[in-house]
Amino acid sequence: MSLLFYRRPDYVAKLPGPMEKSQCQIYVDRTQKHKKSIPPELSFDNILQNKALPPCALQDFMDYLVYVSHDAENLQFWIWLNAYSSRFYALPPSEQALSPPWSAVEGLQSTGNNPSRPPRTAEKSKFGAEIDSEHPSTGPGAAQPLQADNQSFISGITSSTKNVSESVEDANAQVGLKWQSFSIQPFRSEIDRVISHYIAPDSPRELNLSHKTRTVVLHALQHTTHPSAFSLVRELVEDTLRGQSHPNFVRWSICNGNKPKVVFVRNLGIAHVVLGILLAVILILSRASRWWRLFCFPLLFLGFSTGVAAYKGLCLVIHTGHSRNLRPWEQFGSSATLDSFDTDNEAGISKDDIYSMSNLSGSGKRGISMDTFGTGNSYNHEPWVADYEKKPLLQKLYPKNIWIQDETIRLLQDRIVCQSHLWSLLASVPLTVAIVVVPRVAVV
């Protein structure tokens, strides 16, 4: 990565309409062009395996999808599916035999469509991670079940206004499926809950699927509870997470200031440049020695440096302590918990403290968002929303800061700050020289 020309990952805008293979391929192509902007330590797989530290931990990724990107259902479904696959393949062969693998070709043909590609088995994904629909990884890097009991996902579920069985029947009816699923298959009750939470129209965490994709998946799930029944949805969700959500999350995590702070600092940089130019004009029109014009350089350098860094989401003052502003949803948690850490003392924070800080629960939503079967991902009802709106502008500009634990993020920020200083020198030095050599203008 070049020091002078390093760029954060480009923002990948959401494409209109439901998730389709052609649209997800656009995400992949865009991300491949700028994959060097994301270090291996912040790769999608590392974040999903929770190997990165805040502000790039798995919980931070979930918070971003809930509060910023508004598509957390993709990650919630992805986490469940990985854990479900591990639990399914841990069953005795006799129980697995009750739910035979499902072919994507068979599913498309049975719904009156032509398959666009063969079924996805063991292959390399476009980002280098191996996806094996028949034998998923069960090693240390694989997603582990959230609870040991095979039926643990079925208990403790928040009841909805519509019965799960009714939701499944309505979803099947909308795609023309009239007969009942095989109830003796393993995890059938859990699959029904997944349908009512993620697949059925108007479900609490409805995935953005087309009618065609929903029909194929529901038809497959009527026949089997094998993880391969989700192969089409898994591919779409993976491409969206890897190609759109993950690059945007890394780009957002590099910023150390909230939006009000960054806008304020950006305007502050512009103001310094304008003041430097005004000072130059005044000195040129005055009878003072031309060497006094050198005092324009500090204003120009500070203005350009601050502006370039703010354009990339960084506040230079906050960066001096390798800190970041608390996000709005983090500002109304337990102040005692936050104050118990000296965020300016890196050596005084243990690894246990780091993970305690990453799991701070302010409004209670941050923990709920990791649940497989929970309420919808709307956060407008959370107490912090109204409290943040009531905060004076000055308090929004100067919230509490917290130390950045992830070393890779700190290094990227250091690179961006050095880059802003270099670009500032390239702009302010020639401009200052031009100001000094301009002849004095006599004012009549």
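**Reading the pocket and cores**

Tutor: Start with the largest pocket: α3, α10, α11 (259-285), α12 (296-311) and α17 each give at least two residues to its lining. Keep in mind that this is a predicted model.

Student: Which helix supplies the largest share of that lining?

Tutor: That's α11, with 5 residues.

Student: How do I read the space itself, and what is its volume?

Tutor: The general idea: rolling a probe the size of a water molecule over the atoms shows where empty space is left. Here the largest pocket comes out at about 860 Å³. Its lining counts 33 residues, and V68, W252, G257, N258 and K259 lie nearest the centre. By class, the lining splits into 17 nonpolar, 7 polar and 9 charged residues.

Student: Next, the nonpolar core. Which residues have the most contacts inside the largest one?

Tutor: In soluble globular proteins, nonpolar side chains tend to be buried together. In this model the largest nonpolar core has 65 residues, with L75, F77, W80 and F230 making the most contacts inside it. Several helices supply at least two residues each, among them α3 (58-69), α4 (73-89), α10 (231-254) and α19 (407-437). The largest share, 9 residues, is from α4.

Student: What does F230 touch, leaving out residues up to four places away in sequence?

Tutor: F77, W80, L81, I191, V194, V217 and L221. There's also a second, separate core of 7 residues, including L283, I284, L300 and I435.

Student: And where does pLDDT stay under 50?

Tutor: Over the chain, pLDDT averages 79, and 72% of residues score at least 70. One stretch under 50 is residues 107-161, with 101 contacts beyond four places in sequence. Residues 334-365 are also below 50, with 48 contacts beyond near neighbours in sequence.

Conventions:
Residues numbered from 1 in each chain as written. Predicted model: local features only at pLDDT ≥ 70, side-chain atom pairs only at ≥ 80, totals over all residues. Heavy atoms only, no water. pLDDT = per-residue confidence, 0-100. Contact = heavy atoms within 4.5 Å. Core = buried A, V, L, I, M, F, W, Y, C linked by side-chain atoms within 4.5 Å. Buried < 20%, exposed > 50% of the residue type's maximum accessible area, 1.4 Å probe, protein only. Helix = DSSP H or I, 4+ residues; strand = E, 2+ residues; numbered from the N terminus. 1 Å grid on protein atoms, 1.4 Å probe; cavity = no way out; pocket = protein on both sides within 12 Å on 5 of 7 lines; lining within 4 Å. Points joined across faces, edges and corners; volume = space filled by probe spheres on them. Nonpolar A, V, L, I, M, F, W, Y, C, P; charged D, E, K, R; others polar.
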